[in-house]
Amino acid sequence: MSLLARLAPHLPYVRRYARALTGDQTTGDHYVRVALEALAAGERVLEANLTPRVALYHVFHAIWCTSGAQLESPQDDDSLATDDTTRRLMRIAPRSRQAFLLTALEGFTPSEAAQILGTDFSEVEQLIAEAQSEIDAELATDVLIIEDEPVIAADIEALVKELGHTVVDIAATRTEAVDAVARKTPGLVLADIQLADGSSGIDAVKDILARFDVPVIFITAFPERLLTGERPEPTFLITKPFQPETVKAAIGQALFFHPRKANKQAA
């Protein structure tokens with residue numbers, strides 16, 4: 001199989017990553033092209049002990065770290081940013097930004113990210129934690145929890161507060177959730193599906209999204225009810241029982257990547 005055939009399925013994704021890393025599609029594409037040219041000329045090789053995708057990102061990083069990464073400055077980073085998400089990304093320290101994007105955006109495991117970055121698992125975890133801390137500090141917001149089990153609601157509330165956010169209300173039913181949003185618009189919603197009075201967290205979220213543009217994370221023991229293929233499926237879906245670190249990571253990613261839009265006017 002030719003080099004191009006091996007790498008072709010992964011090129012759209014490494015281009016996406018390069019754009020997020022550099023803050024600009026043209027700049028990102030330049031470094032991807034340089035990496036491919038280095039491979040074609042035999043100046044770089046895909047490491048045989050890595051999967052093709054991991055090996056490609058590893059070569060890209062070798063190119064980036066010897067050129068582009070050396071040219072970064074905070075002033076240049078902000079000048080490249082074209083939207084809020086990009087500006088937030090570019091304010092994260094480069095090494096932490098790389099680890100965060102590789103895992104949060106590209107879906108690599110921390111072990112794979114360590115192979116790409118040429119480091120070990122523990123450093124990648126530390127870099128991700130540093131990025132997460134920067135994100136949490138910048139994106140502190142008001143949170144609505146829709147959950148009918150008091151113990152679980154208390155656990156989620158503690159996690160949310162630990163990240164520096166404010167819990168504006170805890171709703172146990174669809175009606176309570178809608179009333180809570182009418183009193184105070186949240187910046188994030190954490191929702192269960194099956195609620196106390198038999199009402200649906202899915203319907204509660206639909207009611208909220210009809211009026212307000214907010215990120216939503218579903219935390220449920222019934223994920224199959226959302227993964228039907230019959231409607232747009234949620235980006236963030238956590239299965240109970242949940243791990244605290246999973247919830248924390250999802251909160252950071254939901255706030256970080258959610259495009260900010262003007263809220264809809266109530267009818």
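## A proline in a loop

Let's start at P241, which sits in the loop between β5 and α13. Helices here are DSSP runs of H or I with at least four residues, strands are runs of E with at least two, and both are numbered from the N terminus. The peptide bond joining K240 and P241 is cis, with omega at about -10°. For background, most peptide bonds are trans, and most residues other than glycine have a negative phi.

This is a predicted model, in which local features need pLDDT of at least 70 and side-chain atom pairs count only at pLDDT 80 or more, while totals for chains, interfaces and linings use all residues. Residues are numbered from 1 along each chain as its sequence is written, and side-chain values use heavy atoms, leaving out hydrogens and water.

## The whole protein

The protein has 13 helices and five strands. The accessible surface is about 13,000 Å², and carbon and sulfur atoms own 53% of that; the areas come from the Shrake-Rupley method with a 1.4 Å probe, and for residues only the protein chains shown count as cover.

Now for contacts, meaning heavy atoms within 4.5 Å. Among contacts with a separation of 6 or more, 68% are between residues 24 or more positions apart.

## The sheet

Five strands make an open, parallel sheet in the order β2-β1-β3-β4-β5. Two strands count as paired if DSSP finds at least two bridges between them. The edges are β2 and β5 (237-239), each with a single partner strand, so one side of each has no neighbour in the sheet. On average, neighbouring strands are turned by 20° against each other, direction ignored. Axes are lines fitted to C-alpha atoms, for helices over the stretch in contact, and angles run from 0 to 180 degrees between N-to-C directions.

Take a look at β1 (residues 142-146), where four of the five residues are buried. It pairs in parallel with β2 (residues 166-171) over five bridges, and I146 has A171 of β2 as its bridge partner. To get from β1 to β2, the chain passes through helix α10 (residues 150-162) in a right-handed β-α-β crossover; that means a clockwise path from the first strand over the helix to the second, with the strands pointing away from the viewer. β1 also runs parallel to β3 (residues 188-191), joined by four bridges, with L188 of β3 the bridge partner of V143.

L144 stands opposite D169 in β2. Helix α11 (residues 174-183) packs on the sheet, touching β1 and β2, and its direction makes about 145° with that of β2.

Helix α9 (residues 121-138) has 18 residues and reaches 26 Å from first C-alpha to last, close to the 26 Å expected. That expected span is 1.5 Å times one less than the number of residues. Buried in α9 are V124, L127, I128, A131, Q132, I135 and D136, and the buried residues of this helix pack against α7 (94-105), α8 (110-117) and α13 (244-257).

Just after α2, G23 takes a positive phi of about 85°.

Terms used:
Buried < 20%, exposed > 50% of the residue type's maximum accessible area, 1.4 Å probe, protein only.
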